[in-house]
Amino acid sequence: MLEICQHLDDDYCITKLAYMTDIFEHLNELRKKMQGRNDNILTCSDKLQGFIKKLELWQKELQKGCLEMYQRTNHITIKNKQLIVDLAQQHLSMLQQKFDQYFYSINTEQYDWIRNPSATNAINSTEALPLQIPEEFTDLNNDMDFKIILLRSSIRFFLDLR
């Protein structure tokens with residue numbers, strides 16, 4: 001028990017604990033965003049790619065010595081701020097590698113026709129499919145009633161039609 005108390009007097013340990021709390025808060029926010037009712041592989045992929053871009057942004061900010069993205073860590077005064085900056089840079093680099101390893105980038109542009117069938121480039125996304133699908137897609141793309149329904153409805157409705 002006394003050993004734990006000694007760590008609570010160490011500014012560096014407290015700062016590392018604050019950093020861990022901050023990074024897990026960001027990860028938890030990502031997890032919550034991906035659990036929405038209307039989320040699917042395309043929306044989750046977008047959110048993952050957005051988070052990976054944030055990791056890159058945070059690494060650039062850390063190179064400037066900025067800890068603003070870590071609310072708790074930023075408010076702690078530490079004698080050698082560079083120690084925590086180095087730790088965070090190393091951790092973010094590893095985290096980004098793991099995200100790239102486990103959540104490889106899906107080219108979601110090829111599925112634009114699912115997200116927005118009335119998009120002008122969507123017909124190009126159906127070229128690899130059997131002819132019947134682009135034909136039906138072309139009919140839908142030129143159906144104004146369908147476009148109105150699409151504007152009022154979510155993608156979930158169309159995915160549930162299967």
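Visitor: Does Asp22 count as buried or exposed?

Guide: In this predicted model, Asp22 lies in helix 2. Its relative accessibility is 1%, and a residue under 20% is classed as buried. Asp22 therefore counts as buried.

Visitor: Which residues does Asp22 touch, leaving aside those up to four places away in sequence?

Guide: Asp22 is a residue of helix 2, and its neighbours up to four places away in sequence are not counted here. With those set aside, the residues that Asp22 touches are Tyr70, Gln71, Arg72 and Thr73.

Visitor: Which elements give two or more residues to the largest nonpolar core?

Guide: The largest nonpolar core has 18 residues, of which Trp58, Leu62, Tyr70, Leu92 and Phe99 touch the most other members. The elements that supply two or more residues to this core are helix 2 (11-33), helix 3 (41-63) and helix 5 (81-102).

Visitor: What does Phe99 touch, not counting residues up to four places away in sequence?

Guide: Phe99 is among the core residues that touch the most other members, and it belongs to the helix 5 side of the contact with helix 3. Without the residues up to four places away in sequence, its contacts are Leu27, Leu30, Leu48, Phe51, Ile52, Leu55 and Tyr104.

Visitor: How are helix 3 and helix 5 oriented to each other?

Guide: The axes of helix 3 and helix 5 are 10 Å apart, and the two helices pack at an angle of about 155 degrees. The contact involves residues including Leu48, Phe51 and Trp58 of helix 3 and Leu92, Leu95 and Phe99 of helix 5, and the crossing is left-handed. Since angles over 145 degrees count as roughly antiparallel, helix 3 and helix 5 are therefore roughly antiparallel.

Visitor: Which exposed residues does helix 7 carry on the face turned away from its buried side?

Guide: Helix 7 spans residues 132-141, and its buried residues are Pro134, Phe137 and Asn141. They cover an arc of only 60 degrees around the axis, which means that they sit on the same side of helix 7. The face turned away from that buried side carries the exposed residues Gln132 and Asp139.

Visitor: For the protein as a whole, what share of the residues is buried?

Guide: The protein contains nine helices and zero strands, and among contacts between residues at least 6 apart in sequence, 61% join residues at least 24 apart. Of the 162 residues in the protein, the buried share is 28%.

Notes
Residues numbered from 1 in each chain as written. Predicted model: local features only at pLDDT ≥ 70, side-chain atom pairs only at ≥ 80, totals over all residues. Heavy atoms only, no water. Buried < 20%, exposed > 50% of the residue type's maximum accessible area, 1.4 Å probe, protein only. Helix = DSSP H or I, 4+ residues; strand = E, 2+ residues; numbered from the N terminus. Arc of directions from axis to C-beta. Core = buried A, V, L, I, M, F, W, Y, C linked by side-chain atoms within 4.5 Å. Contact = heavy atoms within 4.5 Å. Axes fitted to C-alpha atoms, helices over the stretch in contact; angles between N-to-C directions. Parallel < 35°, antiparallel > 145°, perpendicular 65-115°, else oblique. Left-handed = near helix turned anticlockwise from the far one by under 90°.
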